[in-house]
Amino acid sequence: MNPSTTNAQLYIGLMSGTSVDGVDGVLVRLDDGAAPAVLASASLPMPADLRRELLARNQSGDDELARAALAANALARLYAQAVAALLQQASVAAGDVTAIGAHGQTVRHRPDLGYTVQLNAPAVLAELAGIAVVADFRSRDVAAGGPGAPRGPPSPAAIFGAPHGRAVLTLGGIANVTLLEPGHAPRGFDTGPANVLLDGWCQRHLGRPYDADGRWAATGQVLARLLEQMLASEPWFALPPPKSTGRDLFNMQWLDDRLAAFDGPKPAPQDVQATLQRLTARTVANAVDAAAAGTQDVVVCGGGARNPGLMRELAYCRQRPVHATDALGVPAQEVEALAFAWLAQAFVQRRPAGLPAVTGARGPRILGALYPA
């Protein structure tokens with residue numbers, strides 16, 4: 001099937017985020033002018049050995065190129081399993097799907113140096129799935145001077161638009177926000193760390209992949225001096241949007257450096273966890289207040305939306321309503337995958353998804369690269 005000429009409106013979106021905890025996918029009908037119809041959804045856990053290898057590729061190591069290529073192939077096979085699950089669930093044939101939007105796994109992201117790297121094997125995915133794949137959504141935006149953080153073309157406004165100012169917040173490994181203001185084009189940017197530091201600290205001290213429901217953080221107390229030091233010591237927080245970041249900056253070494261420089265008593269691990277939770281909430285609130293002070297509510301998607309402790313911190317720091325996107329009819333775990341289905345559709349229809357108002361690029365850009373079925 002040639003996606004540039006087909007009239008089919010079925011798309012698949014796949015997402016594996018900075019937390020590297022799994023793959024989320026949706027099969028969706030995207031008809032122009034109509035609300036999206038999600039026909040199937042699937043979530044597959046990231047195999048432990050693949051997760052370790054993907055995380056290791058965030059840093060230099062032995063035989064990097066070969067290991068990266070093998071990890072990309074393994075990720076594509078996991079993507080293909082998610083696609084098969086979606087098709088089976090909806091009783092849809094591969095030939096009826098226009099394209100798959102597959103972002104890949106970001107392992108290096110330095111738009112300040114002009115590059116971004118996502119591990120992906122879209123040719124392998126196209127071969128296994130029998131469906132055209134649109135991939136590599138970030139690099140053209142970076143080439144055009146943007147931060148490489150596009151948002152699904154009309155997706156936030158179409159689903160979550162309101163008569164008042166609203167922020168759509170994604171809490172993955174990194175937190176990013178899309179600002180929806182009546183009469184204005186959507187704007188979006190990263191605000192700082194979300195689960196990346198929370199998960200890393202929990203794994204180090206409890207041996208668990210994440211702090212379920214924020215229960216461990218709830219046993220600690222926020223250390224105001226440590227929080228202020230973290231905020232003051234990181235110049236990235238003060239950069240104006242649009243901006244984007246990742247594990248290249250916010251990682252366990254970043255945290256260890258701040259703890260080593262802390263001039264107070266050695267903090268208890270649970271107090272650090274509570275402080276990191278507040279750091280995420282505070283940086284989101286600061287960013288939203290600075291960029292769109294009239295924002296009345298925040299709707300949250302991504303894994304962090306399932307953490308009631310983090311959601312309470314957001315409400316405390318914002319002093320405004322905060323709720324998961326589920327309240328508006330879209331499960332929080334589906335939103336990012338849905339965005340990549342939209343990005344695939346934008347490429348197929350040759351519509352620019354890299355927009356200056358959103359990413360700060362020099363001009364509108366069509367994002368992505370096609371791997372035919």
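**Note on the fold, its sheets and its ring pairs**

1. **The open sheet.** Six strands make up an open sheet with mixed pairing, in the order β3-β2-β1-β4-β7-β13. At the edges stand β3 (37–45) and β13 (369–371). Each has a single partner strand, so one side of each is left without a neighbour in the sheet. On average, neighbouring strands here are turned by 20° against each other, direction ignored. Keep in mind that this is a predicted model.

2. **How the strands pair.** Strands of a sheet pair through backbone hydrogen bonds, and the pairing is either parallel or antiparallel. This sheet has mixed pairing, and its strand pairs show it. β1 and β4 are parallel, over five bridges. In that pair, Tyr11 stands opposite Ala99 in β4. β4 and β7 are parallel too, over two bridges. There, Ile100 stands opposite Val133 in β7. β7 and β13 are antiparallel, over three bridges. Look for Val134: its bridge partner in β13 is Leu370.

3. **β4: buried or exposed?** Strand β4 is mostly covered, with six of its six residues buried. In the strand order, β4 sits between β1 and β7.

4. **Helices across this sheet.** Which helices lie across β7? One is α3 (residues 122–129), which also lies across β1 (10–15), β4 (97–102) and β13. Helix α3 runs at about 160° to β7. The other helix to check is α12, which lies across β1, β2 (22–29), β4, β7 and β13. Helix α12 runs at about 130° to β1.

5. Take Phe137 and Phe340. Their ring centres are 5.7 Å apart and their planes meet at 45°, so the pair is tilted. Phe137 lies in the loop between β7 (133–135) and α4 (139–143). Phe340 belongs to helix α12 (residues 335–348). The pair therefore ties together parts that are 203 residues apart in sequence. Both Phe137 and Phe340 are buried.

6. **Phe250 and Trp254.** This aromatic pair is edge-to-face. The distance is 5.3 Å centre to centre, with 65° between the planes. Why edge-to-face? Because planes over 60 degrees apart count as edge-to-face, and these stand at 65°. Phe250 is buried, with a relative accessible area of 0%. Trp254 counts as buried as well, at 4% relative accessibility.

7. Lys243 lies over the face of Trp236, at 4.1 Å from the ring centre. A second case lies elsewhere in the chain: Arg350 lies over the face of Phe347, at 4.7 Å from the ring centre.

8. Helix α6 (residues 195–206) packs against helix α9 (residues 252–261). Their axes are 10 Å apart, and the angle is about 75°. That makes α6 roughly perpendicular to α9. On the α6 side, the contact is made by Leu197, Gly200, Trp201 and Arg204. On the α9 side, it is made by Met252, Trp254, Leu255, Asp256 and Leu259.

9. **Strand β8.** Strand β8 (residues 166–171) is mostly covered: six of its six residues are buried. Its side chains point two ways. Arg166, Val168 and Thr170 point one way, and Ala167, Leu169 and Leu171 the other way. All of these are buried. That includes Arg166.

10. **Partners of β8.** How does β8 pair with β9: parallel or antiparallel? The two strands are antiparallel, over six bridges, with β9 covering residues 174–180. Leu171 stands opposite Ala175 in β9. β8 and β9 form a hairpin, with two residues between them. β8 also pairs with β11 (residues 297–301), and these two run parallel, joined by five bridges. In this pair, Thr170 stands opposite Cys301 in β11.

Key: Residues numbered from 1 in each chain as written. Predicted model: local features only at pLDDT ≥ 70, side-chain atom pairs only at ≥ 80, totals over all residues. Heavy atoms only, no water. Phe/Tyr/Trp six-rings, centres within 6.5 Å; stacked < 30°, edge-to-face > 60°. Helix = DSSP H or I, 4+ residues; strand = E, 2+ residues; numbered from the N terminus. Buried < 20%, exposed > 50% of the residue type's maximum accessible area, 1.4 Å probe, protein only. Lys NZ or Arg CZ within 6 Å of the ring centre and 35° of its normal. Pairing = 2+ DSSP bridges. Axes fitted to C-alpha atoms, helices over the stretch in contact; angles between N-to-C directions. Parallel < 35°, antiparallel > 145°, perpendicular 65-115°, else oblique. Contact = heavy atoms within 4.5 Å.
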